[in-house]
Amino acid sequence: MCAHNEERDEQMSPAAVGADLPRRDAEDKLRGRTRYTVDSSRPGMLYAALRRSDVAAGRIVRVDTTQARAMPGVRAIVGAVDAPGLYGVGIADHPLFATGVVRYHGEPIVAVAAETVEQARAAAAAVVVEVEPLEAHLTMAAALAPEARELHPDWRDYEELVEGAQRGGNVAWEATVVRGDADAAFARDDVVIVTSEFTSGRQNQAALEPRACVATYEDGRFVLETSTQVPWAVRNGTARLLGISPSAVRVVVPAVGGGFGGKFEVSSEPFAALLARASGRPVRIVNSRQEEMLTALCRENAEIRIRSAVTRDGEIVAREAVVLMDCGAYGGEQPFLTTMTAHTLFGNYRLGAVRLVSRAVYTNTAPTGAFRACNGTYSTFALERHTDEICAALGLDRLEFRRRNVLGDGDIGSTGQVFDGDVLRPMLDRMVALRESSAVVELPADDGRLRGTGTVVGTWFVFVGPSAATVNINADGSVTLITAGVEIGSGSTVQAIPQIVADTLGVRAEDVVVKAADTDAAGYDAGVGGGRSTVSLGAAGTAAGLDARRKLLDVAADMLEAAPEDLLLADGHVSVVGDPDQRLTIAAVAAHAQDRVGPISGSGSFTGRGSATALPGCAAGHMIDALDIPIFAVHECEVAVDPETGHVEVLAYRVVQDVGRAINPRAIGGQIQGGVVQGLGYALHEEITIGEDGQFRQRGFESYRLPLLRDVVAVQADLYEGAPSYGPLGAKGAGEVPILPVAAAVACAVADATGRRVQRIPLTPPRVLGLLLDDPEGPVELGHMAPQWGDNVLGDVEALVAAAPR
Amino acid sequence: MTIELTVNGETRTVTAAPLTPLAEVLREELYLTGTKQACGEGFCGSCTVLLDDAAAPSCLTPVGMAAGKAVRTIESLAPGMSELSPLQQAMKDADAVQCGMCFPGILMGLTALLARQPEPTEDDVRTALSGHLCRCTGYARIVDAALSVCVPAERGV
């Protein structure tokens, strides 16, 4: 069943929607009463520890647990033999334990459960592990070198969970976009060709609650209480890895202490599950902060070369790019994320001919994964810096160039999808107005720092995908909403979603009880991420609410002796149109229904409509080739750069964000402030470097520099409403996109301030100082990319070009 | 060994090695799980408790060192289900909370500031907050809410 806007528009209960309603979970969180997974315990519970590899690559010669098993308190030890399956997102290439070979520093080899965590760690350390080292490919350049050892010599045998991509050697996945005749466009004699090269680093999600799980084995099934964004993916992934039926896994999720994408895959749950079964006892596994630093599914590091042919008056007649994304030792999310470059790096602007290749590359490093606005952050950094380099080469005004070229109503995106509505252009005007309305940041005359401003645009999307919901209208007039939605802190399940469902049923948002995620109770859900919760869970909840509403009105129609279509549902009452005295409380109708026809329950579901489509032959290896619900953003950053130290201070930050319709404007404001600050960390000081041993050098918050209060500013935000969206009430996701263009805005501002070519993020003080002085890093050199675009493609370039729409 | 602690005004007897981090004893033995342990290395502030009214990272405080001192945790700010403290109420009213993991430490840090300095300046408040990591909120609302309680507008800075 699908939500119909027409039906919803008939009813008038605007109270819940558009209101800054508070969070129902705030008070317990402020009292310290909220129980996260890390706070959970059970009688008789054991504690788990993992023995991880301390080399980045090698052949496992021997694993001997004899001594460890005899140690005090040890109750179970499990390893590769206990988990025969492989999992992944695009390709099933990832075992639970290193099997035969080790592919990254920190890869699990065995898991131990003991009476105390100290005993478990001691036993894990006592496991004898002999590994014969192999040459480790720690960079994409090394992995792509001619004759480089393959990390996965058996890659041809892996199950492809999604078909259609090119794979081979250390290229885990390759996606291409080809449209028009790029050769001809680049050869035109009236164009200037601008080439830019960029690199970006990894970013650790650093949720304050680490990944954690408490597992029990009950009546032949696994019950996993876990800190995740994706209960259903944990259910199915655990089953795959353990070689059991998915129905034998139940996942329940209490409040989650932050996710940001780091909990978007199955992670430590299968270890706890195996140990619980082996020991017959509840088992808790909690990653230490060091384990989180070494093995989090970081935002991937990336390398980008982008080249455009632009006419003197600023028309982009062709664009090509090569994008390398480091997936680490296993594919994980990256095969999916290669799809995003088409919409991010090749988003924002009208383009003539297009050719783009995006490759996920295996390296002997910890697997990377999803992080808020995955791929979009560095793609937008590269695109917007490239745009400013084009403007510099042609002597064009940066804002005017963007005004002229941003996608508008009826324009065609890189994969040929037709965009609906003028959104970015009016948003640029709103940014100018926001700037003019804000106070100028004054610096002392002798400040001595270099000032600069960056104004950038960004394109993101709603990861529409399947969600299911059940709505019960109880005899006391309250409503219960059952979904597999998880509260990770963004507030969607405690603010926007109950607000939307309340609107459907004419009740107050606080009358809607939201059940915490439980895969035994709620139907499938693709998870909390991709800006999808409010849209997908909200739409499924709306559909379920409308189903329940119809049943309620049928009963009320009998009670009021009126036709169902003459009834109104608002303020907790059913009333007859034109006769306000004729009314009943929802509770009275629901109680009556319970006695006569049974309790009222509605079910609903949602998935993407596929309303946007790419041109045939344009995109290959893509999981999403067109954006059903694009989201746009305009960001502006003002910086002061200290030429003595290289320190960048953010003086002011402004956001104009396309929200479709703001269900809870204040909650969106909180997402914008938080997302921008995460982006400032990414742009400026969250740096991960890898030692020669393949281990990350940053192992805690002492060396991994997260933004602190003194690093940040209060963001000025303007919510842009009215852009098209088929989300409930016209809503779009608002939680992911705030981080999207931050690195772009900062990098463009630093380039503006210094007059130097900014090619790398993060812009740490030494790096910025290097830009200003004799740059020790030198310009970015991507020698492992072939000069000709087609030589970077595994696929048959001639066939791709032949199939491309003109 | 057996250690006697005063926690939130009550005498508690715990069994732990004296070098065990106080945070672990509070969380695992006394089930006072409001105190968080997000890094366990003293860099995030989520484990902040009061020891004789001074803020201390309980992850780096050996439980033996807490014997004889008054330990206060987040659970003491509004004991039982009594009314929220003004600081808690301000955070709630400002819609400052997101995942919530950092708030127990932040609230205890600010409580220590007010105990030490009943009339702090805006800069004092910012300094007190600067050792607390929050990954969700970007701090702005936390600062505004804290200032509204600690530095009332009529008093100024």
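This is a predicted model: local features need pLDDT of at least 70, side-chain atom pairs count only at pLDDT 80 or more; totals for chains, interfaces and linings use all residues.
Me: Which parts does the pair A:Arg59 and A:Glu132 tie together?
Reply: A:Arg59 belongs to strand E2 (residues 58–64) of chain A and A:Glu132 to strand E9 (residues 128–133) of chain A, so the pair connects parts that are 73 residues apart in sequence. A:Arg59 is partly exposed, at 40% relative accessibility. A:Glu132 is likewise partly exposed, with a relative accessible area of 40%.

Me: What about A:Glu209, what does it pair with?
Reply: Its salt-bridge partner is A:Lys263, and the closest N and O atoms are 3.6 Å apart. A:Glu209 sits in the loop between strand E13 (191–200) and strand E14 (212–218) of chain A, while A:Lys263 sits in the loop between strand E16 (249–252) and helix H8 (269–279) of chain A; the two are 54 residues apart.

Me: Is A:Glu209 buried or exposed? And what is the relative accessible area of A:Lys263?
Reply: A:Glu209 counts as buried because its relative accessibility is 0%, under the 20% limit. A:Lys263 is also buried, at 3%.

Me: Where do A:Arg402 and A:Glu384 lie?
Reply: A:Arg402 is in helix H12 (residues 398–405) of chain A and A:Glu384 in helix H11 (residues 376–394) of chain A, 18 residues apart. Their side chains form a salt bridge with an N to O distance of 2.8 Å. Both A:Arg402 and A:Glu384 are buried.

Me: Changing topic: how much area do chain A and chain B bury between them?
Reply: They bury about 4200 Å², 55% of it on carbon and sulfur atoms. In this interface, 54 residues of chain A contact 50 residues of chain B.

Me: How many salt bridges cross the interface of chain A and chain B?
Reply: The rule finds seven. B:Arg27 makes a salt bridge with A:Asp39, the closest N and O atoms lying 2.8 Å apart.

Me: Which elements of chain A give two or more residues to the side that touches chain B?
Reply: They are helix H2 (26–31) and helix H17 (665–684) of chain A. H17(A) gives the most, with nine residues. By class, that side of chain A has 21 nonpolar, 17 polar and 16 charged residues.

How values were computed. Residues are numbered from 1 along each chain as its sequence is written. Chains are lettered from A and ligands numbered from 1 in the order in which they are written. Side-chain values use heavy atoms; hydrogens and water are left out. Contact means heavy atoms within 4.5 Å. Buried area is the accessible area (1.4 Å probe) that two parts lose on being put together, summed over both. A salt bridge is a side-chain nitrogen of Lys or Arg within 4 Å of a carboxyl oxygen of Asp or Glu. Helices (H or I, at least four residues) and strands (E, at least two) are DSSP runs, numbered from the N terminus. Ala, Val, Leu, Ile, Met, Phe, Trp, Tyr, Cys and Pro count as nonpolar, Asp, Glu, Lys and Arg as charged, and the others, Gly among them, as polar. Buried means under 20% relative accessible area, exposed over 50%, partly exposed in between (1.4 Å probe, protein chains only).
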